[in-house]
Amino acid sequence: MTDVILEKVGKTYPNGYHAIPSVDLSIEEGEFIVLVGPSGCGKSTLLRMVAGLESISTGELRIRGERMNEKEPAERDIAMVFQNYALYPHMSVYDNMAYGLKNRGMAKKMIEEKVSDVAAMLGLTELLQRKPRQLSGGQRQRVAMGRAMVRDPKVFLFDEPLSNLDAKLRVQMRVEIRQLQRKLGTTTLYVTHDQVEAMTLADRLVVLNKGKAEQIGTPMDLYNKPATPFVAAFIGSPSMNLVDANLTEQGIHLSETLTLPLSHQHRGDIVWGIRPEHLEVSDERNADFALRIQAVESLGAETLIHGKIETEFGNGEPMVVRLSGPHLPEVNSLMWLTAPMSHWHLFDAKTQQRL
Amino acid sequence: MTVTFPQKGLPWLLLLPQLLVTAIFFLWPAEQALEQAFYQEDAFGLSREFIGLENFADLFTDPLYYQSMLTTLVFSFSVAIVGMSLALLLAVMADRIIRGKLAYQTLLIWPYAVAPALAGVLWWILFDPSMGPIALWLKSAGINWNHYLDGNQAMILVVIASTWKQISYNFLFFLAGLQAVPRSLIEAAAIDGASPFKRFWTIVFPLLSPTTFFLLVVNLVYAFFETFGVIDATTKGGPGQSTTTLVYKVFDDGFVGLDLGGSAAQSVVLMAIVGLMTVIQFRFIERKVQYS
Amino acid sequence: MIENRPWLTFASHATLLTGIALVALPVWMALVASTHPASAFGVGHIPLWFGDAGAETWGTVLFEKAGNGVDTPVWFMMLNSLIMALGITFGKIAISLLSAYAIVFFRFPFRNLCFWIIFMTLMLPVEVRIVPTYEVVANLDLLNSYTGLTLPLIASATATFLFRQCFLSIPGELVEAARIDGAGPWRFFFDILLPLSRTNIAALFVILFIYGWNQYLWPLLITTDDAYYTLVMSIKRMLSVTDGDIAWNQIMATTLLAMLPPVAVVIGMQKLFVKGLVDSEK
């Protein structure tokens with residue numbers, strides 16, 4: 001069953017700024033959708049429009065088939081976890097979690113029951129009488145989630161909830177959020193700028209760029225078949241090597257002297273891409289091209305080699321190679337590489353669409 | 001950007017009490033003052049006559065009005081400068097010491113709570129020419145103190161009483177200002193070989209200048225408007241007109257002299273001055289906000 | 001400081017102690033004077049040490065009559081002063097909270113104009129526009145009433161500004177969280193905003209209480225009925241007696257009693273008082 005539908009939803013500010021031209025998205029019940037993109041791409045605005053904190057300028061938002069555009073946030077049956085948690089500083093953990101229920105006129109007994117259930121699920125039982133300032137970052141994060149969960153809403157909204165935590169806690173909370181969402185089965189919309197977070201959490205991802213949905217799909221769809229160079233560069237770390245090139249009947253011209261043979265009906269300017277992990281070390285005879293090594297980052301389990309494609313006219317396009325295990329090539333030496341055709345990504349330079 | 005509620009009518013309801021009080025007890029009287037300033041009214045309020053700018057013309061040709069302006073300036077700057085100097089001295093001393101700071105602060109700030117009129121009465125008895133201990137002591141030292149007769153002495157008395165009340169305020173702000181001076185700057189100056197005295201005048205005092213400027217404004221405003229009680233309880237503006245400040249004159253001409261038109265004209269002039277000061281202060285606040 | 005110079009520290013303490021002594025001098029004198037019978041004051045003579053009539057003087061002014069033409073006892077005028085001070089304080093805080101709430105958390109036409117109108121009252125003390133304000137209050141038939149004593153003084157730009165500053169520092173996400181939790185404007189005001197502003201309210205309370213208690217000219221003008229005399233203004237009435245007949249002991253006792261409540265508030269709530277002073281001048 002389709003739970004949340006955004007139909008040609010757009011946002012124009014009173015000053016005329018087009019924050020979001022038009023976004024279409026339908027979310028299935030229980031699905032975990034992540035909105036991801038660089039800062040300023042409109043992902044938070046979109047989330048806040050779903051929450052009812054920003055008005056919807058054009059299009060329609062439906063939750064369980066009901067039009068929501070004019071509804072107050074409290075009437076939409078959603079719950080939200082904020083970036084700074086937005087816990088009421090003068091209320092105890094218990095009161096923070098109970099506040100929304102009290103406002104809805106729920107019986108005291110029932111509130112107690114619900115809060116203690118959720119608190120137990122999140123390991124907050126011991127902390128119920130504390131004030132937010134007496135909690136650690138991770139605990140506050142849990143309270144914010146608890147406040148959302150007690151309401152048992154139709155939709156969870158998360159606005160970069162992990163960005164204020166340190167790296168270790170972030171990973172831990174990430175796993176926890178995913179487990180909880182699976183257990184509760186609540187439809188979730190989650191905003192982040194961190195692509196690792198996005199890939200690990202999402203059933204489906206929406207990659208936003210300048211208010212436009214560049215691609216909507218599962219993490220593996222986006223990894224294997226990015227629809228645009230933007231998505232290609234955004235998903236995956238280190239990001240995909242993208243080279244401006246030209247496609248003729250001889251193949252792909254990466255530079256005047258370097259051509260990768262390919263027969264393809266498309267002609268003209270393209271963007272050619274390959275992920276760092278798909279480049280393979282080979283010898284001079286079989287190689288597609290050579291890399292002049294500029295820097296080596298040894299991470300133990302893997303090695304990242306930064307360099308530039310060697311051409312007759314000196315250095316060409318920059319490129320990153322990711323090799324597993326330790327490698328210690330000399331800086332400034334040449335490294336011969338092959339780029340297996342099955343891992344190529346081709347995009348039309350003009351339309352920015354995948355070929 | 002602040003997040004707001006969408007209601008349109010509610011904010012007016014919320015503002016209503018404040019706007020009503022402002023309209024009834026501020027805008028209406030202001031309008032009345034403006035109107036009265038253009039009329040001449042007999043003392044019984046039975047008839048009045050439109051006389052245009054005559055009240056203002058009278059005001060600005062009246063030497064007593066100029067004298068009152070001068071009195072106000074002398075009085076205000078004396079209060080500001082004496083009060084700030086003493087408070088700065090005490091604040092520097094309090095900043096130096098480590099133990100007992102709070103106790104000293106407590107013992108210095110309480111005069112803030114004393115009503116200006118009471119402050120006037122307290123100092124009056126000390127300086128009463130016939131029995132005040134200070135007056136008697138001055139007499140034995142060869143100074144004939146009688147503020148009932150001597151205008152300058154009356155001025156000194158109201159300055160002392162007004163300053164006394166304001167020292168606490170200046171002290172608190174200077175102390176806060178001093179504590180905000182980064183220690184590392186003072187330490188650097190000490191390493192550069194500056195003596196404590198020199199350090200104060202070359203490092204600390206310049207850094208205090210925003211506080212000093214702010215206090216100067218506050219003190220002037222205080223001396224201008226809030227010392228009515230001091231003057232009224234001790235000298236009643238006398239002897240002669242020697243302690244009649246502009247604000248006192250508005251009251252004196254209006255309620256004692258029953259010159260309603262003249263008093264209203266003075267109110268209008270004062271309101272104009274206040275309006276100007278408001279604009280200046282607003283600019284000042286805005287700039288402060290921008291730069292901070 | 002950096003150097004450890006004992007004589008400098010000594011000089012600091014000496015200066016401060018001198019300052020404290022000078023500041024306390026008039027109060028000391030008043031205290032001494034209030035312990036002598038009225039006859040002890042005469043030409044060339046004022047007592048410099050405590051006498052034995054203290055209990056009598058204080059008892060008289062406090063419970064019988066303040067003297068010098070004022071027949072009301074001090075405790076009664078204290079009550080009036082308290083009513084006026086609390087009326088002004090609560091009034092100012094209430095209407096300022098509401099208007100700051102409107103200005104910060106709502107968008108409506110003429111918002112800036114309202115802001116300016118309120119701002120104009122900031123620097124216009126009642127003394128400046130005393131005659132027309134008196135007339136307005138007289139026209140409204142509010143002379144000799146508690147309403148007349150308090151209402152004209154409760155418009156407050158200072159308090160509105162302070163609360164505006166305080167509200168602006170509240171994170172927007174908190175408002176959003178409250179909206180999602182189903183709190184409307186009123187619920188938000190009472191459940192979130194007021195509890196979060198309570199130290200600011202308390203600090204302002206101290207300052208405004210002193211302001212209200214110390215009102216002088218206004219009660220002097222609009223009260224002619226003994227029943228509405230406030231303590232501070234009664235001093236003026238007491239001093240209006242012909243010179244030779246002034247009972248200084250009673251005046252001094254009354255003066256000390258008049259300054260006692262606000263001074264006690266300042267000393268007892270020193271922290272809040274300092275915060276209030278600093279805040280209200282931002």
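Of the 292 residues of chain B, 42% count as buried. A residue is buried if 20 or more other C-beta atoms lie within 10 Å of its own, exposed if 12 or fewer, and partly exposed in between, with C-beta atoms placed from the backbone. This is a predicted model, in which local features need pLDDT of at least 70, side-chain atom pairs count only at pLDDT 80 or more, and totals for chains, interfaces and linings use all residues. Residues are numbered from 1 along each chain as its sequence is written, while chains are lettered from A and ligands numbered from 1 in the order in which they are written.

**Chain B**

Chain B has 13 helices and 2 strands. Helices (H or I, at least four residues) and strands (E, at least two) are DSSP runs, numbered from the N terminus. The C-alpha trace of chain B spans about 75 × 75 × 30 Å along its principal axes. Take the contacts in chain B between residues at least 6 apart in sequence: 69% of them join residues at least 24 apart. Two residues are in contact if their C-beta atoms, placed from the backbone, lie within 7 Å.

**How the chains meet**

There are 2 pairs of chains in contact, and chains B and C share the most contacts. Chain A and chain B do not touch. Their nearest C-alpha atoms are 9 Å apart.

| Pair | Residues from one chain | Residues from the other |
|---|---|---|
| B and C | 85 residues from chain B | 87 residues from chain C |
| A and C | 17 residues from chain A | 14 residues from chain C |

On the side of chain B that touches chain C, helix H1 (residues 10-36) of chain B gives the largest share, 19 residues. By class, this side has 65 nonpolar, 15 polar and 5 charged residues. Here Ala, Val, Leu, Ile, Met, Phe, Trp, Tyr, Cys and Pro count as nonpolar, Asp, Glu, Lys and Arg as charged, and the others, Gly among them, as polar.

On the side of chain A that touches chain C, strand E6 (78-81) and helix H2 (93-103) of chain A each give two or more residues. That side divides into 12 nonpolar, 4 polar and 1 charged.

**Helix H2 of chain A**

H2(A) is mostly covered, with 8 of its 11 residues buried. Among them are A:Tyr94, A:Met97 and A:Leu101. The cover includes helix H3 (108-122) and helix H4 (137-150) of chain A. After H2(A) comes A:Gly105, whose phi is positive, near 75 degrees.

**A sheet in chain A**

In chain A, 5 strands form an open sheet in the order E13-E12-E11-E14-E20, with antiparallel pairing. Strand E13 (259-261) and strand E20 (345-348) stand at the edges with a single partner strand each, so one side of each is left without a neighbour in the sheet. Neighbouring strands are turned by 35 degrees against each other on average, direction ignored. Such angles lie between axes, which are lines fitted to C-alpha atoms, for helices over the stretch in contact, and run from 0 to 180 degrees between N-to-C directions.

Strand E11 (residues 241-248) and strand E14 (residues 268-274) of chain A are joined by 7 bridges. Two strands pair if DSSP finds at least two bridges between them. In this pair, A:Asn241 stands opposite A:Ile274.

Why does A:Ile274 count as buried? A:Ile274 has 23 C-beta neighbours inside 10 Å.
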